[in-house]
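Dear colleague,

Please find below the structure that I would like to hand over to you. My findings follow it.

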Amino acid sequence: MARPENEIPTTAPMEVAELARELRALRRGAGLTYKDLAAKSHYSAAALSTAASGKTVPKWEVVESFVRGCGFVGDMTTWQRLHTNAMARAAAEEAASKAKVRAAQPETEACDSPEERAEAHQPRLLGFRKAVAAPEDEVVPAQPDGLLALVQRFMDAHLQLSAKLPDDPHRVSTLTVDHFHTALALCTTAEDVLSVMRELVADKGLTIGDLERRSGRIYEISGATFAHVLNGDELPTTEWLEIFLRVCGVEQERRLIWHYTVTRIKIAQMRHRKALPPLTVTPLEPTVSADLMRRLLLVTVGVMSAVGAAVTTAVQLLR
């Protein structure tokens, strides 16, 4: 019996983990072991296993041989894009690590003893952020002063004051009962959104294991990936967020405000970024990126219009 494949590291950047997940899914779908795949390609079973480990980004030649060995005969554009994004992200992570090492050098020069200097100048391994994977039955709890907790305290205080002054004509007694919508409207950073996401999981009484099992009905996502995103500091992709919300049982109408909030913060991040990241264009299809940007813009406008209509309707009902 074949030994089960190791989980993709929770410290792997999202683009690197995505490439590894797609390679694993393709191999499993083809019903091949790594030994079988090695016989159909020009690389060893160990090299192919490493390519799908999520610990590093393989060369494009390895990815192409992996995919073709699994019997894929279609266009490789999607695989090229996955590989390009993974390479770009890994390079960015390595550059950030080098910058941290350079920033720490003045501190190491102040070491007194030769032993301290030798230890300080030991070469550092450049890689992904170090993190501890959350157990399957746990989710990192939200902070007690998170947005949802603040909204809840405000609601409680408002209701208590309304009870004390029931006949005051200047009191506004109508409040929304959806605390999550109010909390999302207050979000201004990625950390705010991720905090509300963790609060949603806790509010639903779910664990990492529950999220993984439920995702199998939509699109299989490992518990390690759920933990990595929820405990990270980056906003999820639109597709990942949609799956997460469906796994948590959020209704379609209420998922719009989540997408609106994430889109709003991503646009704000782009506006305040000093230099926009370079667009990666596939050499075989120079117009793909522009077409994709147009589609994303149309989707964003559609989501914003739908949310605006929903908010207008809600305001009219409250009146």
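A crossing of two helices is called right-handed if the near helix is turned clockwise from the far one by less than a right angle, and left-handed if it is turned anticlockwise. In this predicted model, helix 10 passes helix 11 in a right-handed crossing.

Two packed helices are described by the angle between their axes and the distance between the axes. Helix 10 and helix 11 pack at an angle of about 120 degrees, and their axes are 8 Å apart. Helix 10 is therefore oblique to helix 11, because angles of 65 to 115 degrees count as roughly perpendicular and those over 145 as roughly antiparallel.

On the side of helix 10, the contact is formed by Ile208, Leu211, Glu212 and Ser215; these meet Gly223, Phe226, Ala227 and Leu230 in helix 11. Sorted by class, this contact of helix 10 with helix 11 has five nonpolar, two polar and one charged residues.

I turn next to the nonpolar cores. The largest has 33 residues, of which Met197, Leu200, Leu211, Phe244, Cys248 and Trp258 touch the most other members. Two or more residues each come from helix 8 (179-186), helix 9 (190-203), helix 10 (208-215), helix 11 (223-230), helix 12 (238-247) and helix 13 (252-272). Helix 9 gives the most to this core, namely seven residues.

Leaving aside residues up to four places away in sequence, Phe244 touches Met197, Leu200, Val201, Phe226 and Leu230. There is also a second, separate core of 21 residues, including Val16, Ala38, Leu48 and Val57.

With kind regards

Note on methods
Residues numbered from 1 in each chain as written. Predicted model: local features only at pLDDT ≥ 70, side-chain atom pairs only at ≥ 80, totals over all residues. Heavy atoms only, no water. Core = buried A, V, L, I, M, F, W, Y, C linked by side-chain atoms within 4.5 Å. Buried < 20%, exposed > 50% of the residue type's maximum accessible area, 1.4 Å probe, protein only. Helix = DSSP H or I, 4+ residues; strand = E, 2+ residues; numbered from the N terminus. Contact = heavy atoms within 4.5 Å. Axes fitted to C-alpha atoms, helices over the stretch in contact; angles between N-to-C directions. Parallel < 35°, antiparallel > 145°, perpendicular 65-115°, else oblique. Nonpolar A, V, L, I, M, F, W, Y, C, P; charged D, E, K, R; others polar.
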